[in-house]
Amino acid sequence: MSFLDKLKEKFSRKEDSGQYLSGFKKTKTSFTEKLARFAFGFKGVTDEFLEELMVVLLESDVGIETADTICENLSKKMKKSSNPSFDDTIDGLMEVMHELYNETADPEIKLNANGTTVILLVGVNGSGKTTSCAKLAKKYKEEGKKVGVVAADTFRAGAIDQLKTWAQRLDVPCVAGKEGADPSSVLVEGCRYAKEHNLDVLLCDTAGRLQNKVNLMKELAKMRKVVGKEIANAPHHVWLVLDSTTGQNGISQAKLFKEATEVSGMILTKMDGTAKGGIVLAIKHALSIPVYFIGLGEKADDLRPFDLDAYLYSITEGLKS
Ligand SMILES: Nc1nc2c(ncn2[C@@H]2O[C@H](COP(=O)(O)OP(=O)(O)O)[C@@H](O)[C@H]2O)c(=O)[nH]1
Ligand SMILES: [Mg+2]
């Protein structure tokens, strides 16, 4: 059975396969259309083929280093088979992409066994923090956890109301400060509420200011410190929320956040709005930050755990007969 057939089989058993397919539709269309062109007059993995593949990968935002490694590894792999067909080559390509992502295993998301798990969502304005906070609240609530959210983005009144509205809709408590309040003081309030009410998960929506690295570091360090004083080992996770439509610029942003604080995971939002879904591979390869969740739409259900097999299948569906 070919690699893609194996992916397909796994995919067919997946509960959220429909969401994956519709969420990655733009990437798939663009990626498969470009690759399908190579099928005509395919002459094997020649230098010319590799050059053109490189362009397709770059257009999908895989990033130059990652694209280079993919092409190199594919070339090595295909040298082992004599006269590979186009289908064999696509299969090899998917396998190479799979291996590249899996070079380092993603750690599992561990929740605090002795109390509240505090999760800070960080990222620039508009990346999807508030929406992701709501989506995560829904996810953990559905798993039977006691969940609360903290509106610590106090720089915009709109942000506070936005999270309050989500919380009401999802029926989870929301601790919110006033506009202009110190975000750290709101986080402290949130932690105290979590302890009093024995919450399992506290999701903290923070502000997305990014004037410069020093300020960012200071702000994040302060947030970490205050929550750590309230709840042992908090924050247990700091997840960077990144808008996948921002492409390579988003990768620079991610680098800055990674340098400013310990980022334990990533949420890549708006995958449904981009044809450049290759950014997932770039992030993992260039930054070694695990992509835990992907945003595939604006609704509360549209946050899915990232699944490498389903991702690779979704972006190549229909390419091979
Ligand atoms: N299509 C799509 N839109 C999203 C996704 N995540 C967030 N958004 C939208 O992006 C905009 C900014 O999101 P918001 O959560 O307010 O960003 P924040 O400033 O980081 O808190 C909103 O209009 C969201 O509905 C996603 O996965 N897909
Ligand atoms: Mg917000």
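In the predicted model, strand β5 (residues 237-243) and strand β6 (residues 265-269) pair in the parallel sense, and five bridges connect them. Within this pairing, W239 stands opposite G265 of β6, and D243 stands opposite T269 of β6. Helix α11 (residues 247-260) packs on the sheet, where α11 touches both β1 (117-122) and β5, and its direction makes about 160° with that of β5. Helix α12 (residues 279-287) in turn lies across β6 and β7 (291-295), running at about 160° to β6. Strand β6 is mostly covered, in that four of its five residues are buried.

The two strands belong to an open sheet of eight strands, which follow one another in the order β3-β2-β4-β1-β5-β6-β7-β8 with mixed pairing. The edges of the sheet are formed by β3 (174-176) and β8 (303-305), each of which pairs on one side only. On average, and with direction ignored, neighbouring strands of this sheet are turned by 25° against each other.

The chain as a whole contains 13 helices and eight strands. Its radius of gyration is 21 Å, close to the 20 Å that the globule rule gives for 321 residues, and the chain is therefore as compact as a globular protein of that length. The C-alpha trace spans about 65 × 40 × 35 Å along its principal axes. Of the 321 residues in the chain, 46% are buried. When contacts between residues at least 6 apart in sequence are considered, 76% of them join residues that are at least 24 apart.

Ligand 1 is surrounded by 19 residues, of which G128, K129, T130, T131 and G295 are the closest. Helix α7 (residues 129-142) provides the largest share of this shell, with three residues. By residue class, the shell around ligand 1 comprises twelve polar, five charged and two nonpolar residues.

Several loop positions carry local features of the backbone. In the loop between α10 (213-230) and β5, where P235 is found, the peptide bond from A234 to P235 is cis, with omega near -5°. N233 lies in the loop between α10 and β5 as well, and this residue has a positive phi of about 65° although it is not a glycine. With 12 other C-beta atoms within 10 Å, N233 is classed as exposed, because a residue counts as exposed if 12 or fewer such atoms lie within that distance. A positive phi, near 50°, is also found at S288, again a residue other than glycine. S288 is located in the loop between α12 and β7, and S288 counts as exposed because it has 11 C-beta neighbours inside 10 Å.

A further loop, between α5 (64-79) and α6 (86-101), contains N83. The C-alpha atoms of N83 and G44 are separated by 6.5 Å, while the two residues are 39 residues apart along the chain. N83 is exposed, with 7 other C-beta atoms within 10 Å.

Terms used: Residues are numbered from 1 along each chain as its sequence is written. Chains are lettered from A and ligands numbered from 1 in the order in which they are written. This is a predicted model: local features need pLDDT of at least 70, side-chain atom pairs count only at pLDDT 80 or more; totals for chains, interfaces and linings use all residues. The radius of gyration is taken over C-alpha atoms; the globule rule is 2.2 Å times the number of residues to the power 0.38. A residue is buried if 20 or more other C-beta atoms lie within 10 Å of its own, exposed if 12 or fewer, and partly exposed in between; C-beta atoms are placed from the backbone. Two residues are in contact if their C-beta atoms, placed from the backbone, lie within 7 Å. A residue is near a molecule or strand if its C-beta atom, placed from the backbone, lies within 6 Å of it. Ala, Val, Leu, Ile, Met, Phe, Trp, Tyr, Cys and Pro count as nonpolar, Asp, Glu, Lys and Arg as charged, and the others, Gly among them, as polar. Two strands pair if DSSP finds at least two bridges between them. Axes are lines fitted to C-alpha atoms, for helices over the stretch in contact, and angles run from 0 to 180 degrees between N-to-C directions.
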